[in-house]
Amino acid sequence: MKTTKSKALLIEHRNEVGVGAKMFNVLGDEGINVAAFSACGRGPRVEFSLLVGERHDEAQRLLSDAGYAVAAEDVLVLEVPDVPGAMAGVLQQLAMADIDVDYAYGSSARDSFTLVVLKTADIEAAAAELAELEIAGGA
């Protein structure tokens with residue numbers, strides 16, 4: 001399975017109408033594409049996790065300058081075959097290696113695979129565990 005180490009930007013902000021639109025405009029105005037994201041609003045606060053690829057340092061600076069509280073953390077980006085049960089195989093492999101997943105989010109908008117962003121305490125171990133994993137029905 002193809003895995004790539006990357007950085008996710010974590011943004012916490014007051015939960016208000018339009019906060020996401022403003023944040024995405026800051027990045028879009030500078031030509032920074034968001035490959036994947038999650039957002040979770042809980043009461044008065046909202047948390048975003050953004051995958052912006054190689055321009056994460058620039059994106060972090062831009063968002064910080066715009067007043068957002070931004071942190072970066074290591075994540076693993078997986079290309080999981082877009083077939084039933086594929087994520088079960090990924091998570092079982094990590095569980096057998098005693099690797100806990102802090103969070104994950106994904107999108108199956110690709111032709112043959114699902115893009116999954118995964119955060120663990122040990123990115124290196126997770127990448128090594130999944131490097132040889134083959135999912136039935138996957139390319």
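# Sheet and helix packing

Ser38 stands opposite Ser49 of strand E3. This is a predicted model, in which local features need pLDDT of at least 70 and side-chain atom pairs count only at pLDDT 80 or more, while totals for chains, interfaces and linings use all residues. Residues are numbered from 1 along each chain as its sequence is written, and side-chain values use heavy atoms, with hydrogens and water left out.

The strands form an open sheet of six, with antiparallel pairing and the order E2-E3-E1-E4-E6-E5. Strand E2 (36-42) and strand E5 (101-107) are its edges, each pairing on one side only. On average, neighbouring strands of the sheet are turned by 25° against each other, direction ignored.

| Strand pair | Bridges | Direction |
|---|---|---|
| E1 (residues 2-14) and E4 (residues 69-81) | eleven bridges | antiparallel |
| E1 and E3 (residues 45-51) | seven bridges | antiparallel |
| E2 and E3 | seven bridges | antiparallel |

Individual residues show how E1 is placed between its neighbours in the strand order. Leu9 has Ala72 in E4 as its bridge partner, whereas Leu10 stands opposite Ser49 in E3. Ser49 in E3 also faces Ser38.

Helix H4 (residues 123-131) lies across E1, E4 and strand E6 (113-120), running at about 10° to E4. Axes are lines fitted to C-alpha atoms, for helices over the stretch in contact, and angles run from 0 to 180 degrees between N-to-C directions. Contact means heavy atoms within 4.5 Å.

Returning to the pairing of E2 with E3, seven bridges join these antiparallel strands. H1 packs on the sheet and touches E1, E2 and E3, its direction making about 30° with that of E3.

Helix H1 (residues 19-29) also packs with helix H2 (residues 56-65), at an angle of about 130° and with the axes 10 Å apart. The two helices are therefore oblique to each other; angles under 35 degrees count as roughly parallel, over 145 as roughly antiparallel, 65 to 115 as roughly perpendicular and the rest as oblique.

By class, the contact has six nonpolar, no polar and no charged residues. Nonpolar covers Ala, Val, Leu, Ile, Met, Phe, Trp, Tyr, Cys and Pro, charged covers Asp, Glu, Lys and Arg, and the others, Gly among them, are polar.

Note on methods:
Helices (H or I, at least four residues) and strands (E, at least two) are DSSP runs, numbered from the N terminus. Two strands pair if DSSP finds at least two bridges between them.
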